[in-house]
Amino acid sequence: MDLLRSLPIGLYLEQPQTWLHKLDPRIKFIWLMSFLTTYIFANNLWRVLLVILLIIATLIARIPKRVWQQQMGWLLMLCFFVLVIAAISPDGLGISYQPRLPENDFISTEQSNPATSTTPTPTIETSPTHDQQKYSYVLFEKGAIKVTRRSLDLAISLSTILFTVIYSTNLYLLTTAAEEITAALESLMQPLQRFNIPVTEITLMLTLSLRFIPLVLEEVQNLVRSIMTRAINWKKLGLKGAVKVWMLVAERLLQNLLLRAEQMANAMMVRGFTSPNEHRVQWHDLRLKRRDWLAIATLILFWGVRLAIGNEV
């Protein structure tokens with residue numbers, strides 16, 4: 001259960017402060033959305049490049065190895081298993097492929113008026129081109145294991161999207177505090193106030209959620225440890241007894257979480273936080289600096305490369 005505390009969700013690395021920490025949270029959020037959106041309708045080359053770019057960004061940022069090694073290791077192992085399983089799975093195309101040319105590689109051409117012609121019809125011998133000889137739909141086949149072009153494409157798509165979505169979000173939460181995320185979203189969502197959308201309330205709920213997630217993980221870990229220290233003989237309990245025990249654990253977990261939520265609400269009321277519109281909080285001072293403008297220029301180059309090579313098949 002110690003793995004729960006190393007999960008990327010809701011965790012923030014306070015020290016050391018890397019150059020990713022010092023970037024404007026709005027720029028980092030736009031970068032995150034760019035990673036998630038450029039994946040759509042892209043070829044597999046671009047999807048693999050996204051994975052490589054995330055790994056390089058982690059190494060260049062000089063994030064401590066103890067922080068990302070376990071997370072990236074488990075995630076890469078999971079993506080590798082997804083890649084292998086999807087590659088050897090059936091591709092779903094139940095079509096029997098046949099060669100375009102006849103087996104004797106001869107194409108008969110008739111004359112313009114075959115009814116009046118008595119001469120034998122000439123034949124033209126053709127040979128397959130280099131591309132026709134090189135192309136093969138089945139890339140690997142040995143026994144029950146069969147890898148086709150479609151199954152390999154699907155495997156690369158599944159594994160890369162799994163890594164990109166999880167690790168890009170992990171890297172963003174790892175280098176951005178909850179207050180910075182709230183300030184960035186509130187700043188980017190300001191135009192929505194014209195449509196009477198409660199931007200301040202939404203950002204406040206997001207901040208409380210990010211603060212509450214580590215508490216949930218801690219409560220789950222404590223309850224599971226309490227069950228493990230009691231050395232319960234699960235074989236003697238049977239299925240009915242085991243279900244009863246875990247139902248009691250779930251009930252206790254819900255009670256603890258409601259207690260934590262009530263404590264947070266009381267703390268906000270004591271500090272006079274009765275309404276977001278009446279009690280405004282300056283979450284973070286947002287100012288674009290030189291490194292932020294450099295990140296914006298790199299982002300424009302990133303999208304340019306995506307439009308140049310990301311759509312090629």
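Reader: Before we start, what counts as buried here?

Author: Buried means under 20% relative accessible area. Keep in mind that this is a predicted model.

Reader: OK, so take A183. Buried or exposed?

Author: A183 has 7% relative accessibility, so it counts as buried.

Reader: Which helix is A183 in?

Author: Helix α7, which covers residues 178-188.

Reader: And how far is A183 from R26?

Author: Their C-alpha atoms are separated by 8.4 Å, though A183 and R26 sit 157 residues apart along the chain.

Reader: How does the lining divide into nonpolar, polar and charged?

Author: The lining of the largest pocket has 19 nonpolar residues, three polar and two charged.

Reader: New topic: where does UniProt place "transmembrane region"?

Author: The unreviewed UniProt entry puts that feature at residues 29-60, 72-89, 154-174 and 293-309.

Reader: What does the chain look like over 154-174?

Author: Residues 154-174 are 100% helix and 0% strand, with the end C-alpha atoms 30 Å apart.

Reader: And what about 293-309?

Author: That span is also 100% helix with 0% strand, and its end C-alpha atoms lie 25 Å apart.

How values were computed: Residues are numbered from 1 along each chain as its sequence is written. This is a predicted model: local features need pLDDT of at least 70, side-chain atom pairs count only at pLDDT 80 or more; totals for chains, interfaces and linings use all residues. Side-chain values use heavy atoms; hydrogens and water are left out. Ala, Val, Leu, Ile, Met, Phe, Trp, Tyr, Cys and Pro count as nonpolar, Asp, Glu, Lys and Arg as charged, and the others, Gly among them, as polar. Helices (H or I, at least four residues) and strands (E, at least two) are DSSP runs, numbered from the N terminus. Buried means under 20% relative accessible area, exposed over 50%, partly exposed in between (1.4 Å probe, protein chains only). UniProt positions are given in the numbering used here, feature names are shortened, and annotations may be inferred rather than shown by experiment.
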